[in-house]
Amino acid sequence: VHVRHYSAALVNLSGGGALLRTTAPLELDTTIEITLSLPGEPQALVLGAIRHIHDAPGNRTGERLIGVN
């Protein structure tokens, strides 16, 4: 097991999954742990699998959109 830590911005969160914006070198079907933090609430740890990867619109910094469910 290889543990790595990356930063990502949460673009969308719904019952069907999450959309993240990140420069992390993630691959399809990778299982990831996401730590969600909302003001005034305890952190929540969520497991998910990467289902799609697309270049972010206007991408100039290597950012990609990662679909997780």
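**Exercise 1.** In which strand is the place of arginine 64? Work out its charge partners too.

*Solution.* Start with the ground rules: this is a predicted model, where local features need pLDDT of at least 70, side-chain atom pairs count only at pLDDT 80 or more, and totals for chains, interfaces and linings use all residues. Residues are numbered from 1 along each chain as its sequence is written, and side-chain values use heavy atoms, with hydrogens and water left out.

Step one: arginine 64 sits in strand S5, residues 64-68 (strands are DSSP runs of E, at least two residues, numbered from the N terminus).

Step two: arginine 64 is buried, meaning under 20% relative accessible area with a 1.4 Å probe, protein chains only; exposed is over 50%, and partly exposed is in between.

Step three: arginine 64 has no salt bridge (a side-chain nitrogen of Lys or Arg within 4 Å of a carboxyl oxygen of Asp or Glu). The nearest side chain of opposite charge, aspartate 55, is 5.8 Å away.

Step four: look at the backbone oxygen of alanine 24, which lies 2.8 Å from a polar atom of the arginine 64 side chain.

**Exercise 2.** Find how many salt bridges there are by this rule, and describe them.

*Solution.* The count is 2.

Step one: arginine 21 and glutamate 63 pair up at 3.5 Å, N to O. Arginine 21 is in strand S2 and glutamate 63 in the loop between S4 and S5, 42 residues apart.

Step two: aspartate 29 meets arginine 51, with the closest N and O atoms 3.0 Å apart. These two are 22 residues apart in the chain. Aspartate 29 is exposed at 57%, while arginine 51 is partly exposed at 45%.

How values were computed
Helix = DSSP H or I, 4+ residues; strand = E, 2+ residues; numbered from the N terminus. Lys, Arg positive; Asp, Glu negative; His and termini not counted. Polar contact = N/O pair within 3.5 Å; in protein donor to acceptor, adjacent residues only side chain to side chain.
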